[in-house]
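Good morning, and thank you for coming. Please have the sequence and the three-dimensional view ready, as I shall refer to both throughout this talk.

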Amino acid sequence: MRVICGTQSTPAAGANKRGAGAADLREVSAIRKALPLWPWLAAITSGLLSIGCFPPFNQSWFCWFALIPLITAIWFSGENSKRRWLRDLLLGYVAGIVFFTGTFAWLGSLGTLFENFWLHGLSLLLSLYLGMNFALWSWLCGLIRPGPTKPAPIKDKWTEMLDRAGKPPILAPASPWLRSTNNLWLAFVLASAWSTHEWIRGWLFGGFGWNGLGVALWAKWPLIQIAEFTGVIGLSFVIVFVNVIVITIPLRLFHEARTHRMRPHWDINFTMLGVVGLLVFGWQVARNPSQTKPLRAAAVQANIPQKQKFDPQFTGQIFDRLTRLSEIVLSSNPPADLLIWPESALPGPVLEDEETYRFVMDFAASNKTDLLLGTIDVENGHEYNAAALVSNPGQQVQIYRKVHLVPFGEYIPLRHSFPLFAAVAGRWVPGDFEAGQNYTVFRLTNGDVRVAPLICFEDTLGELTRQFVLNGANLLANVTNDGWFLHSAGSRQHLANAVFRCVETRRPMVRAANTGVTCFVNEFGRVTQLLQDETGGTFTEGVLAAEINVPQDRQLTFYAQHGELFAKLCSCVTLIAIAAYLFRYFRLKNAA
């Protein structure tokens, strides 16, 4: 008797198999449909990683690989695109829109402050313009994309034997990644181009240079000391250079593994040596501080709500709060040499409003401390955002009028050329400030200290700050009112951008904010004192007092003397590279 073991196929089992097969096909089809999306997801990822580098996230280590997804998408996708250059441009634009919308999301706080829904979209609106910087860089990234190279004969003992035997030579697989010089040149050009677009972004149409990639390292003081030569843009150069080299490393190792031939990795060694060199230089600079003289300074943070600052019914309360906080340091022994109140500290102009004038002069007369405060200055019907230094118990007043005004914050561009636009924007900016013309340096009663009075966002501008230093300033003082942006990340980003002015000029800084971040920063860009409440928050009222070491040697840094020379050199390199690659592109096209 035979026993046959087996399974019998049933209609139900067959249906299950057909259903499973259909499901697998649907999954494969979904994957195939999703594959074309990966470059766009990579661009978005680069934007998100770049956002994470800055406050409130402060994941600065993201910067070392934030651009890798975008570069990978540009170099290794879209081979069959009819207009690949346009695709590269759009990939960069997507990354830029994501980055600028996210990193400047704090601008939406104005929507809450003014109770206007549309103002919440300010960061998106701004990103539509700023995103073009990413787009143009991505276009260049695609333009200099490494192309295929001709296979080269391998030269070793084995190939020599084959050659003597009359055998054809062995050709190494074609790869543009195997030469260190090629990889270093690629990184150099792309880093130069990135530095160029950050520099242009800082001055074009009034400029908004916040949050260049180099700013991500603001808290890593040993790494940022090179800014005394290159400005913060030099750090952006280093970061982009590293990003490009990091991409080339696995590609090169893969091709070398295929050919079983290793070459000296000068590109990797040079990059690592450069980063280590920056660290060593930073530590060495910090060990050799310049000759200084101590100054006792105090900064008041009144934490006055924005809607109360210019309301006449709160004038008495504001006077009382400033007096109360100031007396804390003025009653100490010895008292402060310099007391700083924030931008627009008082409801009325000091020199125009009688009540405000009397309060300030009476306060100054009762104390022997120099008082620096933000105010409004009025002359011939023109208003200026200004800073005043009241000294010699109210007998002497020095005035600085803000040179760099914030577009759409302190004035409406082309207000009189486009009346309809001015009517809409005028709801929030009813009148324009006039720009000052002089970089006025304040002289304290202590004749050894000369103060650069930077107002609001002026401490984020390297070229402007160095003008004060060239005029003799040896102490930077920033008066600001970040209360416009409520408890958002705006005030912390403001500080992150400001610390580089200290490194670039080797001058310490005192920052007095109405609310946000009141602190002291030394000449190496380190925050040495920070006003905080018991929970560690900075949105509080209080006074911060400390002794500042003010340099006395009058020595000027390379950056203070020459400004953005490094960025200008990078722009020359970029233009030459674009011209050379375009010439090669059209020559090959005509030859074909």
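Let me begin with how elements are named: helices (H or I, at least four residues) and strands (E, at least two) are DSSP runs, numbered from the N terminus. The model is a predicted one, in which local features need pLDDT of at least 70 and side-chain atom pairs count only at pLDDT 80 or more, while totals for chains, interfaces and linings use all residues. Residues are numbered from 1 along each chain as its sequence is written, and side-chain values use heavy atoms, with hydrogens and water left out.

I turn now to empty space. Rolling a probe the size of a water molecule over the atoms shows where empty space is left. On a 1 Å grid over the protein atoms alone, a cavity is a set of points where a 1.4 Å probe fits but cannot get out; a pocket is an open set with protein on both sides within 12 Å along at least five of seven lines; and lining residues have an atom within 4 Å of a point. Grid points are joined across faces, edges and corners, and a volume is the space filled by probe spheres set on the points.

The second largest pocket has a volume of about 1,000 Å³. Its lining consists of 33 residues, and those nearest the centre are Leu143, Arg145, Pro146, Gly147 and Arg584. Which helices supply at least two residues each to this lining? They are α4 (84-103), α6 (122-143), α8 (180-201), α10 (232-259) and α19 (565-591). The largest share, seven residues, comes from α19. For residue classes, Ala, Val, Leu, Ile, Met, Phe, Trp, Tyr, Cys and Pro count as nonpolar, Asp, Glu, Lys and Arg as charged, and the others, Gly among them, as polar. On that basis, the lining of this pocket has 19 nonpolar, eight polar and six charged residues.

The largest cavity holds about 50 Å³ of space. Among the residues that line it are Ser50, Phe99, Trp194, His197 and Asn211. Both α4 and α8 supply at least two residues of this lining, and α8 gives the most, with four. The lining of the largest cavity divides into five nonpolar, four polar and two charged residues.

Next, the packing of helices. Axes are lines fitted to C-alpha atoms, for helices over the stretch in contact, and angles run from 0 to 180 degrees between N-to-C directions. Contact means heavy atoms within 4.5 Å. A crossing is left-handed if the near helix is turned anticlockwise from the far one by less than a right angle, and right-handed if clockwise.

Consider α4 with its partner α2 (38-52). The axes of α2 and α4 come within 8 Å and cross at roughly 30°, in a right-handed crossing. Residues of α2 including Trp40, Ile44 and Leu48 meet residues of α4 including Leu91, Val98 and Phe99. By class, this contact has 12 nonpolar, four polar and one charged residues.

A further partner of α4 is α3 (residues 68-75): the two pack at an angle of about 165°, with their axes 10 Å apart. The crossing of α3 and α4 is right-handed. The contact is made by Leu70, Ala73, Ile74 and Trp75 of α3, with α4 residues including Arg84, Asp88 and Leu91.

Elsewhere, the axes of α13 (315-330) and α14 (residues 354-365) come within 12 Å and cross at roughly 15°. The angle therefore makes α13 roughly parallel to α14.

Finally, the backbone. Most residues other than glycine have a negative phi, and most peptide bonds are trans. What is the peptide bond from proline 55 to proline 56, cis or trans? The bond is cis, with omega near 10°, and proline 56 lies in the loop between α2 and α3. Asparagine 58 is also placed in the loop between α2 and α3, and its phi is near 55°, a positive value. The peptide bond from asparagine 333 to proline 334 is cis, with omega near 0°; proline 334 lies in the loop between α13 and β4 (338-340).

Methods
Parallel < 35°, antiparallel > 145°, perpendicular 65-115°, else oblique.
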